[in-house]
Amino acid sequence: MDDKDLQYLVEKISLYEFGKHFQHTAMFNSRLRTTGGRYLLQSHNIEINKKYLDQLGEEELVGIIKHELCHYHLHIEGKGYQHRDRDFRELLTKVKAPRFCSMLPERKEQKRLQKTIIYRCTNCQLVYHRKRSINTEKYVCGKCRGKLKFVKELTNR
Ligand SMILES: [Zn+2]
Ligand SMILES: [Zn+2]
């Protein structure tokens with residue numbers, strides 16, 4: 001699937017699900033990381049994360065397109081187009097669009113393999129779990145201001 005196919009699909013879903021034309025541009029953007037897609041307020045264009053299609057399939061893609069089209073049509077019509085707006089939530093329900101995008105399997109994997117770094121206060125022995133390493137020269141124990149010492153690094157599995 002390329003940008004042209006995507007454009008066609010977005011136009012089709014817009015007409016079929018919303019009964020309205022999509023008159024701007026839809027394209028894949030490989031730089032999107034944590035979201036499946038986004039609607040650009042300035043240009044009215046829709047960008048889609050191609051990884052979602054590759055990893056989760058076309059059904060997921062259709063859901064993302066419907067979600068972005070909710071932003072699109074409401075924004076163009078001057079209605080509440082943001083996630084917290086009632087108009088937005090009602091339209092999502094009406095077209096059965098997902099409220100949030102599923103996380104990419106790739107990201108789930110990353111999350112699963114996240115590290116935990118353990119430090120201990122050399123004074124009061126309080127243990128600290130941190131996602132990232134900290135500068136033990138700079139940071140001290142929150143309880144007694146004692147010096148922290150690196151203990152070990154765990155990988156959550
Ligand atoms: Zn959204
Ligand atoms: Zn301490």
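In which loop is Lys96 found? Lys96 is found in the loop between α4 (86-95) and α5 (105-112), where helices (H or I, at least four residues) and strands (E, at least two) are DSSP runs, numbered from the N terminus. The model is predicted, so that local features need pLDDT of at least 70 and side-chain atom pairs count only at pLDDT 80 or more, while totals for chains, interfaces and linings use all residues. Residues are numbered from 1 along each chain as its sequence is written, chains are lettered from A and ligands numbered from 1 in the order in which they are written, and side-chain values use heavy atoms, with hydrogens and water left out.

Lys96 is not a glycine, yet its phi is positive, at about 55°. Lys96 counts as exposed because its relative accessibility is 68%; exposed means over 50% relative accessible area, buried under 20%, and partly exposed in between (1.4 Å probe, protein chains only). A positive phi, near 70°, is also computed for Gln125, a residue other than glycine. Gln125 is placed in the loop between β4 (115-121) and β5 (127-130). With a relative accessible area of 43%, Gln125 is therefore partly exposed.

Two histidines carry a record-based label. The UniProt annotation "binding site", from an unreviewed entry, covers His67 and His71; UniProt positions are given in the numbering used here, feature names are shortened, and annotations may be inferred rather than shown by experiment. His67 lies in helix α3, which spans residues 58-76, and the place of His71 is in helix α3 as well. The relative accessibility of His67 is 4%, so this residue counts as buried. His71 is likewise buried, because its relative accessible area is 11%.

Leaving aside residues up to four places away in sequence, His67 touches His83, Phe88, Leu92, Ala97, Pro98 and Arg99. With the same exclusion, His71 touches Tyr39, Tyr81, His83 and Phe88.

The structure holds 0 disulfides, a disulfide being a pair of cysteine sulfur atoms within 2.5 Å. Cys121 counts as buried because its relative accessibility is 1%. Cys144, with a relative accessible area of 28%, is therefore partly exposed.

Technical notes:
Contact means heavy atoms within 4.5 Å.
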